[in-house]
Amino acid sequence: MSELEFQRVYDATAGPILGYLVAVTGRREVADDLLQETFCRLLVHRKARAGLDAQETRRYLFRIATNLLRDRWRSGEDRPFAEPAEAGALPSLESTIDIRAMLKHLKSRERELLWLAYVEGMDHAEIAAATGLGRLSVRTLLFRARNKAKRFLGQGELV
Amino acid sequence: MSHQDEQFRQAMRGYAAGLLECQPLPPASVIWLRAERRRRRLAIERAERPLRIMQAVGLVCAVFAAVWMLYRAGTLNQLSTVGSRGLIWVVAGAMLMIGGCWTLVVVSRRPLS
């Protein structure tokens, strides 16, 4: 992979990966570190990704990011969700429901699954590939996470 | 997909868009350089691996040789023929052999800078 090619991949995927990491960890500085490590691993293990198309590369990057998140949890480095600061105008719907509070209420894995399903628009098979979980497990865990999120947002207009 | 699901999706995407607006990405060139440095370090480590294995094998051989020399010198029927001077030479030789190998291993693992 040349530097130009890498720049192209980075421009196309870094934003979504960073959003995912910020949403799951709730910490910008941790998300930044993990983002850099994710792309470093992509570059260091070039052979593993040889022949992957854009979509597969994207999934592969989410897989690396998810594995790094798992490593953090296992090593006990994981700290509580810190509600990252956000700026900019949000859609009007956002003002009625508190997604941030909902994410904080959920477990890391639930945040992961909901983010991949609803923000990244991945189907069960893609989420399974990105997280390393079985397809049936994804289905069950996502169903539970969705219900938990909806129950939490129950006071709002969503449910 | 139900209306609720669609509403939820929109809310999540709205949140994601707001989240990324204030999050500048680290430059790709920084990550590229970091990866290059790591790749170089890994390549050096890979190249050094056989050398390290041979060093470890050498050290083990030196220990065995030293123990064997001491054993040969220390057996009862040979003690009389070797004498105390000979014994000192054998012990010194064994120590020199182990010490030399140990120094080689330690020096080769020290960083270059």
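1. Let's start with the interface: 34 residues of chain A meet 27 residues of chain B, with contact meaning that two C-beta atoms, placed from the backbone, lie within 7 Å. On the chain A side, α1 (3-25), α2 (28-44), α4 (92-96) and α6 (108-119) each supply at least two residues; α1(A) gives the most, with 10 residues. Helices here are DSSP runs (H or I, at least four residues) and strands are runs of E (at least two), numbered from the N terminus. By class, this side of chain A has 24 nonpolar, five polar and five charged residues. Nonpolar covers Ala, Val, Leu, Ile, Met, Phe, Trp, Tyr, Cys and Pro, charged covers Asp, Glu, Lys and Arg, and the others, Gly among them, are polar.

2. A word on provenance: this is a predicted model, where local features need pLDDT of at least 70 and side-chain atom pairs count only at pLDDT 80 or more, while totals for chains, interfaces and linings use all residues. Residues are numbered from 1 along each chain as its sequence is written, and chains are lettered from A and ligands numbered from 1 in the order in which they are written. For the complex, the predictor gives an ipTM of 0.75 and a pTM of 0.71.

3. Now chain B, which has three helices and zero strands. Its average pLDDT (the predictor's confidence in each residue, from 0 to 100) is 79, and 87% of the residues score at least 70. Confidence in chain B is highest in helix α2 (residues 28-74), at 84, and lowest in helix α3 (residues 76-109), at a mean of 73. Of its 113 residues, 12% count as buried, that is, with 20 or more other C-beta atoms, placed from the backbone, within 10 Å of their own; 12 or fewer is exposed, and in between is partly exposed.

4. Chain A is divided into domain 1 (1-83) and domain 2 (92-159), with bounds from an automatic or database domain assignment. Their contact takes 14 residues from domain 1 and 15 residues from domain 2. On the domain 1 side, α1 and α3 (54-74) of chain A give two or more residues each, and α3(A) gives the most, with six residues.

5. Finally, a closer look at α3(A): its 21 residues reach 30 Å from first C-alpha to last, close to the expected 30 Å, which is 1.5 Å times one less than the number of residues. Its buried residues include A:Tyr60, A:Leu61 and A:Phe62, and what covers the buried residues of α3(A) includes α1, α2, α6 and α7 (124-131) of chain A. Just after α3(A), A:Gly76 takes a positive phi of about 80 degrees.
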